[in-house]
Amino acid sequence: QMAVAVLAGGVTYRAADGLWHSTAFGEKADAGLTGSYVRVAAAAWLFREQPDSRIVVPGGRGQADKLLPQGLTLAAIMRRELVALGVPSPAIIKEERSGNTLEQLEALSALGEKHDWRQLVIVSNRYHLERIKAMISHLLTLDLLKHAALVIAAEDIVLKEEPEKWRADIDRAYASPEFLSIIEAEKLGTEAV
C-alpha cells in the first residue's frame, strides 16, 4: 500500500473563523514557515489520484507549542484541512508527537515499518526538499526511507492540477525577501546534514 506524508509547516490564527490553519502563500506564519497550506492541497490531489492510499500527517506542536491552544497539534490542523478538501477521515493517520523535520521523518520511518508501506511519498515545499533528501540519505535512523520514500514538491503538484489558482501566489512568494531568506537558511541546513 502507498502512503502520502504531509510534513507539518507553519501555522497562523485566522480570527475570521476562529480556527487554526496552515499558512497560505503571502501569509505570515505565527509559528514555523510560511506557505505550508500548499502541502495539504497537494496531498489531497495525490489522494484523489490514489484513493486507496493513506495520508499521514506527522506533527505535534513543534514551533507552535506556546501558540496553539492546549491539546491542539499540527497533525490535527492538517487532518481537518484534508477532510475539508474531500479526504475521508479514515484514510488519514495522525502522528502527534514529532516536532521538527527530523522527528517527523523518524516517525514516518517507524510508521512505514509498522504498516509495511511499499512506497511513501513525502510532500513538502520546494525549498525544503534538499534538506529532507540529505537527512534521508545520511542519517541511519532513516534507513527505511532510503528505499521506500519519494520526496516531491507540493508546488509541482498544485501547478499541474490547478495552475490558474496557484501560479501567481507561488511566483510572488518565491520572489519575496522572506522566501529568499528561507531558501538561504535551508541551504545552510542541508550543508549541515
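In what order do the five strands of the open sheet stand? I began there, keeping in mind that this is a predicted model.

**Entry 1, the sheet.** I read the order as β5-β4-β1-β6-β7. The pairing is parallel. I then looked up the edges, which are β5 (92–95) and β7 (149–153). Each of these two strands pairs on one side only. I noted the twist as well: from one strand to the next it averages 25°.

I picked β1 (residues 2–6) and β4 (residues 54–58). They pair in the parallel sense, over three bridges. I checked what stands opposite valine 4 and found isoleucine 55 in β4.

Which strands does helix α3 lie across? I found β1, β4, β5 and β6 (119–124) for this helix of residues 101–115. Helix α3 runs at about 145° to β4. Next I took helix α6 (residues 154–161), which packs on the sheet and touches β6 and β7. The direction of α6 makes about 60° with that of β7.

Two packed helices are described by the angle between their axes and the distance between the axes. I looked up both values for α4 (residues 129–138) and α8 (residues 177–192). The angle is about 10°, and the axes are 8 Å apart. Angles under 35 degrees count as roughly parallel, so I logged α4 and α8 as roughly parallel to each other.

Which residues make the contact? From α4 I listed Glu130, Arg131 and Ala134. From α8 I listed Glu186, Gly189 and Thr190. I sorted the residues of this contact into one nonpolar, two polar and three charged.

Technical notes. Residues are numbered from 1 along each chain as its sequence is written. This is a predicted model: local features need pLDDT of at least 70, side-chain atom pairs count only at pLDDT 80 or more; totals for chains, interfaces and linings use all residues. Side-chain values use heavy atoms; hydrogens and water are left out. Two strands pair if DSSP finds at least two bridges between them. Helices (H or I, at least four residues) and strands (E, at least two) are DSSP runs, numbered from the N terminus. Axes are lines fitted to C-alpha atoms, for helices over the stretch in contact, and angles run from 0 to 180 degrees between N-to-C directions. Contact means heavy atoms within 4.5 Å. Angles under 35 degrees count as roughly parallel, over 145 as roughly antiparallel, 65 to 115 as roughly perpendicular and the rest as oblique. Ala, Val, Leu, Ile, Met, Phe, Trp, Tyr, Cys and Pro count as nonpolar, Asp, Glu, Lys and Arg as charged, and the others, Gly among them, as polar.
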